[in-house]
Amino acid sequence: MAIKKHLLYAALLAILFPSKPYAFLGGSEPYFIANYCFQRSASYDRPSWSCPGQIIPSYKTRNFRFEELKCSGNNNTHVRLPESFDEEAWLDLKNISRHEAADILRQQPSPAWSGEIHYQTYIHWEWEDCRLVTDAFICGTYEVCEERVVPTEHGGTQHVNQCHLEPKSCYADITVHENQYCTGGDGQLDFDVEFLKKNADHWNPGSPNYVDRLANGYDLLPGEEEAITISNLKSSWWESHSTELTPTLIIEDPKNEYNLRQFIHNQQSDSLSCRFQGHDKVSFTVDTQRRIASQSPNAFSLPKAFDNEDIDPLVWQSAPGMNGSREEKGYPLIMRAQDFSAAALSEVSEDVTEKLKNIIVRVQLYEPSIFGERLKATIYIDEAKAIQQTLNAISSDQKIRRSTLWEFKLKNGNNPNKNIYRSYLPSLFYYPGKIFLSDEALSYEDNLAPDTEYTLKLTVYQKNLPFYHQSCESDPDAWDCKWYTLWGLFSSSRHEDNYFSRKSLDVRFRSNPNVDLRTWSSSFWHFVSYAQLAIPVGAVALFLLMP
């Protein structure tokens with residue numbers, strides 16, 4: 001019996017030996033290509049135990065190691081918005097009785113919702129394939145020598161034999177990881193989410209730091225929103241499948257600090273494991289701790305009249321046309337938007353700060369380019385210089401009785417921060433000139449190209465309201481706004497794009513095809529801007545191409 005076993009092993013080795021067992025590598029001594037492959041189990045069509053009815057093909061089962069079922073990730077996103085109620089009546093009631101106003105908010109149903117997450121399942125297994133590899137650890141090394149002529153210290157030359165080690169090639173068993181979709185094995189995760197109200201005994205008008213508008217704790221203010229994503233797996237850049245479900249709740253740009261709790265329904269030994277046609281259910285409860293700073297909200301919307309009819313968001317200025325006549329729609333002069341948050345946020349501001357709250361509006365003009373939209377100009381407008389009352393103040397629709405119409409003048413003087421049709425000179429000229437000249441002198445007229453689609457994007461900064469990120473200009477005494485932190489350079493919340501609202505109100509328009517107010521100066525400075533970008537790129541390219 002032992003002789004037959006040895007003969008069988010010898011036959012297997014003879015089959016596995018390569019037809020050319022020697023390697024000849026330029027100038028080096030040939031070496032024998034070893035065969036370290038060893039077949040421990042036969043290859044055959046293998047029925048999957050984790051995915052009934054699935055067959056693992058025989059050519060992927062040599063030296064089969066293990067099999068397991070893994071689940072793919074999926075998610076469900078819900079956007080939580082402020083509760084809708086009669087803000088006018090509530091503000092009137094608050095001025096009479098804060099406790100009754102708190103009761104009105106606490107009688108609102110808690111934010112709660114449910115959903116399903118469907119996910120796919122995959123069979124994962126490992127097997128070994130006999131492959132020709134070049135690897136010093138598996139196959140060993142061999143010495144390669146080469147004769148070279150090198151200079152000596154006396155000015156002559158000498159022949160030196162220089163040697164180094166190279167990895168050998170050999171046949172070896174290489175572990176291969178495979179995966180295959182499990183047909184009919186998809187799973188489902190049911191979930192529900194509920195936000196819990198704060199305990200009224202510890203959070204009421206008599207409590208320290210109480211904010212009337214946040215009677216439940218989790219309340220969102222006008223314009224705020226929270227994107228809440230439920231996932232069946234924790235996100236991971238190195239692994240997209242898992243043998244265990246890990247239900248996760250993530251709140252994007254949270255307005256509060258929350259404590260999350262999770263409950264598994266009908267918990268069994270295999271609950272939340274990745275299994276064939278798995279079905280689980282979890283519940284999340286969200287408990288609010290305190291308000292934290294976040295990005296400013298944007299409650300602006302396209303304007304409507306008191307009868308709910310749309311109002312044109314742009315007021316156009318007439319301009320001379322290219323045909324000699326005057327065009328009524330020359331270029332947009334005023335942008336209109338409607339705000340539903342001013343009254344509520346002003347009330348909140350009085351509860352939380354002694355500073356005068358102010359709204360800064362940023363309007364950005366984007367133009368088309370070969371790389372998509374390109375920022376052309378930006379202007380900033382203070383609340384006191386833009387707001388106007390609208391007839392919505394006496395509307396019968398209670399939701400908009402306190403709304404206000406804003407009108408933003410897009411062209412106001414020659415300062416590029418106030419005139420969206422002026423641009424700063426290229427930085428190569430702007431920064432040296434800044435020492436002696438004003439912004440007006442360091443800018444040029446940069447009007448619209450005819451028959452071109454542009455986009456105006458409106459974002460908001462709630463200045464001096466501590467619920468939201470503040471600039472270092474508004475909060476100069478903060479530790480991260482001191483000179484030793486370079487005035488907020490390394491604090492992301494102090495960067496403009498993080499204290500202005502993430503959400504923008506977009507108004508798209510097409511310029512008049514018969515109006516072109518551009519001059520030679522704008523074309524010249526555009527050329528200089530592109531040349532300024534091209535110079536460093538060209539210098540780097542020349543440096544790389546130099547021999």
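Q: Is Thr 459 buried or exposed?
A: In this predicted model, Thr 459 counts as buried, because its relative accessibility is 4% and the cut-off for buried is under 20%.

Q: Which strand is Thr 459 found in?
A: Thr 459 is in strand 27, which covers residues 453-463.

Q: And what is Thr 459 in contact with, leaving aside its neighbours within four places in sequence?
A: The contacts are Asn 298, Ile 360, Val 361, Arg 362, Phe 500, Ser 501, Lys 503 and Ser 504.

Q: Let's do charges. How many salt bridges does the count come to?
A: The count comes to 32 salt bridges.

Q: What does Lys 376 form a salt bridge with?
A: Its partner is Asp 446, and the closest N and O atoms are 3.0 Å apart. That pair links distant parts of the chain: Lys 376 sits in strand 22, while Asp 446 is in the loop between strand 26 (443-445) and strand 27, 70 residues apart.

Q: Are Lys 376 and Asp 446 buried or exposed?
A: Lys 376 is buried, with a relative accessible area of 10%. Asp 446 is buried too, at 4%. Through shared partners, salt bridges join Glu 367, Arg 374, Lys 376 and Asp 446 into one network.

Q: What about Asp 212, where's its salt bridge?
A: The side chain of Asp 212 meets that of Arg 98 at 2.9 Å, N to O. Asp 212 is in the loop between strand 12 (187-196) and strand 13, and Arg 98 is in helix 3, so the pair ties together parts 114 residues apart in sequence.

Q: Which residues in helix 3 are buried?
A: In helix 3 (residues 98-106), Ala 101, Ala 102 and Leu 105 are buried. Looking down the helix 3 axis, the buried residues fall within an arc of 100 degrees, so they line one face of the helix.

Q: What do the buried residues of helix 3 pack against?
A: They pack against helix 2 (87-96).

Q: Over to strand 13. How many of its residues are buried?
A: Six of six in strand 13 (residues 226-231). Both faces are covered: Glu 226, Ile 228 and Ile 230 are buried on one side, and Ala 227, Thr 229 and Ser 231 on the other.

Q: Which strands pair with strand 13?
A: Strand 6 (residues 75-80) pairs with strand 13 in the antiparallel sense over six bridges, and Asn 76 has Ile 230 as its bridge partner. Strand 15 (residues 248-252) pairs with strand 13 in the antiparallel sense as well, over five bridges, and there Ile 228 stands opposite Ile 251.

Q: Now backbone angles. What's phi of Asn 63?
A: Near 50 degrees, a positive value in a residue other than glycine. Asn 63 is in the loop between strand 4 (55-56) and strand 5 (66-72), and is buried with a relative accessible area of 2%.

Q: And phi of Asp 253?
A: Asp 253 has a positive phi of about 50 degrees, although it isn't a glycine. Asp 253 is found in the loop between strand 15 and strand 16 (256-264).

Q: Last topic, confidence. What does the pLDDT average?
A: The protein averages 86, and 90% of the residues score at least 70.

Q: Where does pLDDT stay under 50?
A: Residues 1-20 are one such stretch, with six contacts beyond four places in sequence. Residues 391-401 also stay under 50, and the model has 18 such contacts for them. Where pLDDT is low, the predicted coordinates should not be read in detail.

Technical notes
Residues numbered from 1 in each chain as written. Predicted model: local features only at pLDDT ≥ 70, side-chain atom pairs only at ≥ 80, totals over all residues. Heavy atoms only, no water. Buried < 20%, exposed > 50% of the residue type's maximum accessible area, 1.4 Å probe, protein only. Helix = DSSP H or I, 4+ residues; strand = E, 2+ residues; numbered from the N terminus. Pairing = 2+ DSSP bridges. pLDDT = per-residue confidence, 0-100. Contact = heavy atoms within 4.5 Å. Arc of directions from axis to C-beta. Salt bridge = Lys/Arg side-chain N within 4 Å of Asp/Glu carboxyl O.
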